[in-house]
Amino acid sequence: IIQFPPINYQFSADKGWQPLAGGAVTQKQAVAVNPEDLTLADAVKNGLFWFTGFSFFLTIFGGLMAVSQLAAFAGAAPPVGIGLAPLITATVIQAKAVNNGLGRPVWGWVAGKIGPKNALITVALFMALSLYVLSISESRAMVTLGAALVGLSFGGALALNPVIATFMFGPSYIARIYGLIFFMGFGFGGFFGPRVGGLLFTATGSYDAPFLLAAGLAITSAVLSALIFPAKGKEKQRRSQELVKAA
């Protein structure tokens with residue numbers, strides 16, 4: 001479905017891709033590569049690569065552990081849950097989903113203002129607060145608010161991790177690099193998070209345990225991010241000058 005333009009086409013800002021006059025053939029453009037950007041092989045030797053995946057895992061593991069219990073919590077009879085009817089429970093899930101989408105541009109804008117590191121720390125703390133709101137919810141309004149805030153922060157976490165990875169490792173090979181980071185964070189977090197959430201509820205008979213544990217993991221992610229991620233403006237990791245010259 002997606003194809004590169006033919007080699008006898010040229011791009012212009014006003015007309016887009018158009019064939020060259022007389023069928024002339026242009027030189028095929030290569031993908032721009034910055035020799036200072038880390039390759040996947042370089043990135044896996046860098047501790048920030050593994051920390052980015054681990055930090056992402058903490059957020060996703062905790063977030064999905066809580067989110068997977070949200071519908072059951074909203075529909076379960078008090079005092080275990082809120083006791084909402086199925087149709088009303090659906091509106092709670094919708095609030096989470098809509099704000100999940102909104103969280104991506106919102107937190108992207110925040111990152112543009114305060115830098116990706118500070119935005120990641122803020123979104124993790126925001127997620128912890130949102131999960132705490134869920135844990136103390138006793139009404140439809142409160143659980144809807146908690147779900148909306150969790151969705152907003154969860155969407156932000158998904159949006160900001162590729163941003164800071166690109167800042168640190170450069171855009172040249174980011175598809176390969178972030179593909180592995182995403183697998184570590186969302187792959188393992190998505191697989192284990194909901195299962196652990198269910199086990200916690202079975203063991204305790206309360207949804208407070210998954211909500212509060214997820215909040216604790218979000219705080220842990222925020223603290224570690226503050227200590228380990230480079231400061232704003234110093235994120236860029238560069239290849240050695242020998243490798244740059246060789247490239």
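Arg 238 is exposed (over 50% relative accessible area, whereas buried means under 20% and partly exposed lies in between, with a 1.4 Å probe and protein chains only), since its relative accessible area is 52%. The model is predicted, and local features need pLDDT of at least 70, side-chain atom pairs count only at pLDDT 80 or more, and totals for chains, interfaces and linings use all residues. Residues are numbered from 1 along each chain as its sequence is written, and side-chain values use heavy atoms, with hydrogens and water left out.

The structure contains 3 salt bridges, each defined as a side-chain nitrogen of Lys or Arg within 4 Å of a carboxyl oxygen of Asp or Glu. In one of them, Arg 238 pairs with Glu 36 at 2.9 Å, N to O. Glu 36 lies in the loop between strand E2 (16–19) and helix H1 (40–43), and Arg 238 in the loop between helix H8 (208–228) and helix H9 (241–246), so the pair ties together parts that are 202 residues apart in sequence. Helices (H or I, at least four residues) and strands (E, at least two) are DSSP runs, numbered from the N terminus. Glu 36 is partly exposed, at 24% relative accessibility.

A further salt bridge joins Asp 37 to Lys 236, with the closest N and O atoms 2.4 Å apart. Because Asp 37 is in the loop between E2 and H1 and Lys 236 in the loop between H8 and H9, this pair links parts that are 199 residues apart in sequence. Asp 37 is buried, at 1% relative accessibility, while Lys 236 is partly exposed, at 23%. Arg 239 and Asp 42 also form a salt bridge, their closest N and O atoms being 2.9 Å apart. Arg 239 lies in the loop between H8 and H9 and Asp 42 in helix H1, so parts that are 197 residues apart in sequence are tied together. Both Arg 239 and Asp 42 are buried.

Another feature concerns a proline pair. The peptide bond from Pro 78 to Pro 79 is cis, with omega near 5°. Most peptide bonds, by contrast, are trans. Pro 79 is located in the loop between helix H3 (70–75) and helix H4 (86–114).

Helix H7 (residues 174–204) contributes 5 residues, the largest share, to a nonpolar patch. Patch residues have over 30% relative accessible area and no salt bridge; like charges are joined within 9 Å, and nonpolar side chains (Val, Leu, Ile, Met, Phe, Trp, Tyr) within 5 Å. Phe 183, found in helix H7, is partly exposed, at 47% relative accessibility.
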